[in-house]
Amino acid sequence: MKHLFSNAEKIHKKILRKSWLNDFVTPDYDEYCISNIPATILRTFGIDHKNGTPFVNSELKSILDGVNRVILLIVDSMGYQQMLNALTEHNSILHHSVDKAILFPLTSTFASTTPTALASLSTGLTPQQHAITGYSIYLKQLGIVANMVNFSPSTEQRRDSLIDVGVDPSQFLGAKTLHEIFKEEGYQSHVVTRWTFRNSALTQMFHKGANLELYVDTSDLFIKLKRLIESNPSEESYILAYWDTLDTTSHVYGPKSEEVEAAIRNLFFSLKTEFLDRVNKGSTKKTILLIASDHGHHTFDKKKAVNILDHKQLFQDLQIQPTGSSRASYLYPKLGRLEPVKDYLSKHFGDYFYLLESKEALKQGLFGRGKISDQTLDRIGGLLALPKEGSSLYYPHRPHKPDQVLKGGHGGLMKDEMMVPLLILKLK
């Protein structure tokens, strides 16, 4: 692979240097953030996009020249270091399968969680613009806290029940998706996603305007991708593929587990043997493959897990339960109780959390660039509790058994949550 790591370490150091919170990595919305992937893809097709800033790099430009088909594979929950390990291990399976390759480290959004990140990857908007601020968000117009993955009230297990009360997921973002933009410009746009997501609210929200191709498991994902390309060898198009297995595996076993390492090997093995080695080379002459992630993953320390219901004084000072996630909590102090909430957390858990007032976080740019949506102001509370190494602050929306406690999570600003890869491969 030519030039793979030439700028990676330089960019890595630049991102860390620009971070404005000690011991954390803040999103680099101006340059190296996943929210700028859509603008970069659109520029490849000569389409101007008002949201986001395309990546600027001479090596990247040489790879993108002459491209008329872009495949974006989103590996949910893959951190930058995990990608680096996979590429540098002995006999890396991607060697000799591509003509040119470049690796960039990028930051995730804040919060570094799937609904927030995918909203940015779908539109090029930053979180303060699209207002999908976390895993769970406060919907003021309905007076409920909603789980954005299930698109239901956070207390419900049933999926997509918000649709039953009149919430249209296809209009929820209030912005065009990349697929809609490509369609308007006369290009084809496809999404290859797991069959269980085919009618989900998030599919309606993030993939609006795309032709859907459904897969069952990792191996047939790449068979679907291969057939899609070979059936339209000269088609100018954008193809998004989404793989969610690594996220589930990391939650259950922990991001540093053997099971996670095996899942990554499985992904790249299938990519190589079912797609790169077998696809008709005449179909990929002007095709590039981007492999990116929405966020990384962090290991939980059970000793640093704080259940807010165990702290009645703290909980009674809040208007509603915490939203966001256990790794990025939005707190809603009652009128006049902001300082007591801060004092309680500082006194009892000063080593667990960094506290930042929500207005200050907006001012510092934690939620992005561009116009701040009114809905964003409703959805970030008055105080952010940013967990440090291993810590978590959670509210049990539904009863769970002790053996169901997750070993890994994400949403916060630790390096392994925030630093994600962008691997750009020009196919032979």
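**Figure 1. Contact between helices H11 and H12 in the predicted model.** Leu246, Thr249, Ser250 and Tyr253 of H11 are in contact with Glu259, Val260, Ala263 and Ile264 of H12. By class, the residues of this contact comprise 5 nonpolar, 2 polar and 1 charged. H11 covers residues 245-253 and H12 residues 258-276; their axes approach within 9 Å and cross at roughly 170°. H11 is therefore roughly antiparallel to H12. The model shown here and in the following views is a predicted one.

Figure 2. The buried residues are Thr114, Pro115, Thr116, Ala117, Leu118, Ala119, Ser120, Leu121, Ser122 and Thr123. The elements that cover them include H2, strand E1 (69-75), helix H6 (127-130), helix H8 (178-184), H9 and E8. Gly124 follows H5 and has a positive phi, near 85°.

**Figure 3. The cis peptide bond between Phe110 and Ala111.** The bond from Phe110 to Ala111 is cis, and its omega is near 5°. Ala111 is located in the loop that runs between strand E2 (98-107) and H5.

**Figure 4. Salt bridge between Lys18 and Asp28.** The side chains of Lys18 and Asp28 form a salt bridge with an N to O distance of 2.8 Å. Lys18 belongs to helix H1 (residues 8-18), whereas Asp28 lies in the loop between H1 and helix H2 (37-44); the two residues are 10 apart, and the pair links distant parts of the chain. In general, side chains of opposite charge can pair when their charged atoms come close.

Figure 5. The closest N and O atoms of Asp244 and Arg194 are 2.7 Å apart, and the two residues form a salt bridge. Asp244 is in the loop between strand E8 (237-243) and H11, and Arg194 is in strand E6; this pair, 50 residues apart, links distant parts of the chain. Both Asp244 and Arg194 are buried. Elsewhere, salt bridges with shared partners join Lys14, Lys18, Asp28 and Glu31 into one network. Over the whole structure, the search finds 18 salt bridges.

Figure 6. Ser200 is placed in the loop between strand E6 (188-194) and helix H9 (201-206). With a relative accessible area of 7%, Ser200 is buried, since the cut-off for burial is under 20%. Leaving aside residues up to four places away in sequence, Ser200 touches Arg159 and Asp160. The side chains of Arg159 and Asp160 themselves meet in a salt bridge, at 3.4 Å from N to O. Of these two, Arg159 is partly exposed at 37% relative accessibility, whereas Asp160 is buried, its relative accessible area being 12%. Asp160 is situated in the loop between strand E5 (152-153) and helix H7 (169-172). Its backbone has a positive phi of about 65°, although Asp160 is not a glycine.

**Figure 7. The positive phi of Asp23.** Asp23 has a phi near 70°, a positive value in a residue other than glycine. Asp23 lies in the loop between H1 and H2. The residue is exposed, with a relative accessible area of 72%. As a general rule, most residues other than glycine have a negative phi.

**Figure 8. Overall context of the close-up views.** The secondary structure of the protein consists of 17 helices and 18 strands. The radius of gyration is 21 Å, close to the 22 Å given by the globule rule for 428 residues, so the protein is as compact as a globular protein of that length. Along the principal axes, the C-alpha atoms fill a box of roughly 65 × 45 × 40 Å. Of the 428 residues, 58% count as buried. Among contacts between residues at least 6 apart in sequence, 75% join residues at least 24 apart.

Definitions and conventions
Residues are numbered from 1 along each chain as its sequence is written. This is a predicted model: local features need pLDDT of at least 70, side-chain atom pairs count only at pLDDT 80 or more; totals for chains, interfaces and linings use all residues. Side-chain values use heavy atoms; hydrogens and water are left out. Helices (H or I, at least four residues) and strands (E, at least two) are DSSP runs, numbered from the N terminus. Buried means under 20% relative accessible area, exposed over 50%, partly exposed in between (1.4 Å probe, protein chains only). Contact means heavy atoms within 4.5 Å. Axes are lines fitted to C-alpha atoms, for helices over the stretch in contact, and angles run from 0 to 180 degrees between N-to-C directions. Angles under 35 degrees count as roughly parallel, over 145 as roughly antiparallel, 65 to 115 as roughly perpendicular and the rest as oblique. Ala, Val, Leu, Ile, Met, Phe, Trp, Tyr, Cys and Pro count as nonpolar, Asp, Glu, Lys and Arg as charged, and the others, Gly among them, as polar. A salt bridge is a side-chain nitrogen of Lys or Arg within 4 Å of a carboxyl oxygen of Asp or Glu. The radius of gyration is taken over C-alpha atoms; the globule rule is 2.2 Å times the number of residues to the power 0.38.
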